[in-house]
Structures are given as C-alpha cells and as structure tokens.
Amino acid sequence: MTIICLGLEGTAHSFGAGIMTDRGDVLSNEYDMLKTTQGGIHPREASRHHTELGPMIIARCIENAAIDYNDIDMIAFSRGPGLGPCLRATATMARTLALKLDIPLVDVNHCVAHIEIGCLESKFQDPVTVYVSGGNTQVIAFAGSRYRTFGETLDIAIGNMLDVLGRELGMGFPAGPIVETLALDGSTFYTLPYSVKGMDLSYSGMLTAAKKLHSEGVKLADICFSVQETAFGMLAEIAERAIAHTKKRELLLTGGVARNNRLTQILEGVAQRHDAKFHRVSSQLAGDQGAMIAWNGILQYNAGHTIKVSESNVLPKWRTDEQDILWRD
C-alpha cells in the first residue's frame with residue numbers, strides 16, 4: 001500500500017505544500033515566496049503571508065496531485081529552525097488538518113529535510129553536505145546517529161549576506177541571483193576578508209568591506225565577482241577538510257543558494273580532487289518547499305516516529321545536530 005504525505009513548509013519567507021509517496025514520487029509541490037520592495041523580511045509580515053495564502057496553496061497542491069484530502073495518510077510540518085511567527089502559523093495549519101482528517105502528525109527539522117531530499121534525488125547514501133541558504137550555512141556529515149555539523153557560519157548565513165549586500169547596493173530582494181549575474185561581468189578581483197576559523201567561517205567582515213568598496217565607487221560587477229570568489233572559496237575549504245577527515249566519497253550541495261552556478265563549479269572541483277561523486281539539488285527542490293518536508297515525514301513515520309498535537313510546539317532554534325536520525329544506521 002502506497003503511503004501519501006502532505007508536507008507543509010513555512011520557516012521564513014516562503015510557504016510551501018508538497019505531496020510525496022513513500023516510493024519517492026513528488027505528486028505536487030506548490031509554494032509562494034513573500035517579496036519586499038525594500039528592506040528584509042519581517043517575521044510578522046511573513047506569518048501573515050503564510051496564514052492568508054496557506055490554505056489556497058494547500059488546496060492547489062492537493063488538486064494538482066489529483067488526490068482527495070481523504071487520500072492523505074499523514075501530515076508533516078517544519079517544526080524548526082526558523083522565524084517563530086512563521087513556524088507557528090504553519091504548525092497551526094498542520095495540526096488542524098491532522099485533527100480534522102484524524103491522521104498522524106510528524107514534526108520535521110527543516111535543515112535535515114534539505115539533506116534528505118538531496119539524498120533521495122542523488123541516490124547518495126552517506127554524503128558530506130554543504131547546506132547553504134538565507135538562514136543557514138553548514139557543512140554536515142552523518143556520524144553517531146545524528147547529522148553532525150563539521151563547520152558553520154559564526155554570524156550571518158551566506159544567503160543572508162548576499163541579500164543584505166544586494167539591498168545595500170540597490171538590487172532588491174532576493175539579491176543572490178542578481179549578484180551571480182553581475183559577477184559574470186566582473187574582471188578585477190578585490191581582496192576581501194577571508195575569515196575561516198578552524199572549521200567555521202564568518203561573513204560579516206566581508207559584507208562590511210564590500211559595502212565600503214561600493215562607497216568608494218568600485219564597479220558593482222567587480223564587487224559581486226570578488227564577494228562570490230571569496231565567500232565560496234571559504235565554503236570550499238571547509239568542505240574539503242570535511243571530506244578529508246571523514247573519508248566520505250559523496251559531496252552534496254543543497255539549500256536555496258545551491259542554485260548558484262559558480263558555487264557549484266567550485267565544489268565540483270573539490271569533489272574531483274578527492275575522487276568523490278558530486279550532486280547539486282535540482283532548482284525546484286533547492287529552496288524551501290513542502291516536498292522535502294513530506295519526504296522527511298515519511299522517513300520518520302516509517303521509523304516509528306509521530307508527535308502528539310499537544311506536544312508539537314515549534315522549535316525556532318532547533319539545530320541540525322539536535323535530532324536523532326532514526327531512519328539511518
């Protein structure tokens with residue numbers, strides 16, 4: 001009998017609903033991202049966006065999957081990490097559906113879901129994962145029943161750094177794709193703070209230095225080029241150390257920033273130097289969306305895990321390495 005899971009994702013600026021089967025088939029994957037004309041994402045505005053559009057997105061997801069509500073066997077939701085108001089809005093919808101349909105509820109770690117959807121797509125068994133997004137920058141590998149963080153940002157995530165820089169330079173939100181496009185026309189490399197501390201890294205100094213270059217009249221293309229080469233080089237150094245230490249032979253790139261072609265190119269080189277396979281998560285599964293939550297929900301359910309509605313409080317600071325990974329040996 002095929003198991004069908006509806007996954008709800010709403011940790012930050014995007015709300016998504018995805019439907020997957022236990023065979024790994026994506027039946028439907030719908031989402032909408034809150035965009036702002038100026039400034040960043042305000043948690044209360046993002047929460048309102050999820051509350052207003054969530055039911056419509058869920059209904060559209062079910063319609064496109066060509067199933068009925070009664071065909072759904074379980075509900076999974078992103079419990080954390082993320083923005084508190086957004087998580088609470090999403091969890092409320094998940095609890096309501098689970099109670100109304102009288103089906104199990106599964107709580108999913110957003111970061112772990114990014115890894116597992118990448119493993120499903122790539123068929124990787126045990127990769128070193130570079131997880132890069134607006135809210136997270138981590139190099140992760142599985143060991144001792146958990147996904148261990150081998151290195152991470154000590155201040156702001158790489159996606160956030162690119163968005164803040166883009167906002168300061170007049171690019172709007174999200175700025176990452178614009179930075180990538182402009183960088184292609186960059187010809188002069190400007191030295192920026194290369195801040196790798198052991199296995200961790202820091203982007204705040206680079207952000208300040210890049211804004212200073214802009215105030216001095218340096219071309220946008222050269223700033224973007226210099227930022228990308230420095231920021232991605234730092235990530236590559238940590239990823240390479242993790243591969244050398246763990247001796248793993250698979251390198252996975254996942255998260256919203258995984259769409260960047262230059263980062264992909266650099267990490268492909270890392271994998272080649274260590275005779276490792278490389279995979280970048282496809283664009284439709286790279287960002288925050290419900291399919292990854294649904295798939296992780298299925299993995300947890302098959303491992304015997306569900307959660308009571310009364311115990312399903314959200315966890316805004318839930319780390320990747322704080323969840324027991326029951327479905328892996």
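The structure is a predicted model, in which local features need pLDDT of at least 70, side-chain atom pairs count only at pLDDT 80 or more, and totals for chains, interfaces and linings use all residues. Residues are numbered from 1 along each chain as its sequence is written, and side-chain values use heavy atoms, with hydrogens and water left out.

**Overall fold**
- The chain contains 10 helices and 12 strands, taken as DSSP runs (helices H or I, at least four residues; strands E, at least two) numbered from the N terminus.
- The chain is as compact as a globular protein of 329 residues, because its radius of gyration of 20 Å is close to the 20 Å of the globule rule; the radius is taken over C-alpha atoms, and the rule is 2.2 Å times the number of residues to the power 0.38.
- The C-alpha trace spans about 60 × 45 × 30 Å along its principal axes.
- Of the contacts (heavy atoms within 4.5 Å) between residues at least 6 apart in sequence, 76% join residues at least 24 apart.

**Burial and surface**
- Of the 329 residues, 55% are buried, meaning under 20% relative accessible area (1.4 Å probe, protein chains only).

**Helix α5**
- In helix α5 (residues 176–183), the buried residues are Gly176, Val179, Glu180 and Ala183.
- These residues cover an arc of only 100° around the axis, so they lie on the same side of α5; the arc is that of the directions from the helix axis to the C-beta atoms.
- Their cover includes α4 (158–168), α7 (220–246) and α8 (261–273).

Definitions and conventions
Buried means under 20% relative accessible area, exposed over 50%, partly exposed in between (1.4 Å probe, protein chains only).
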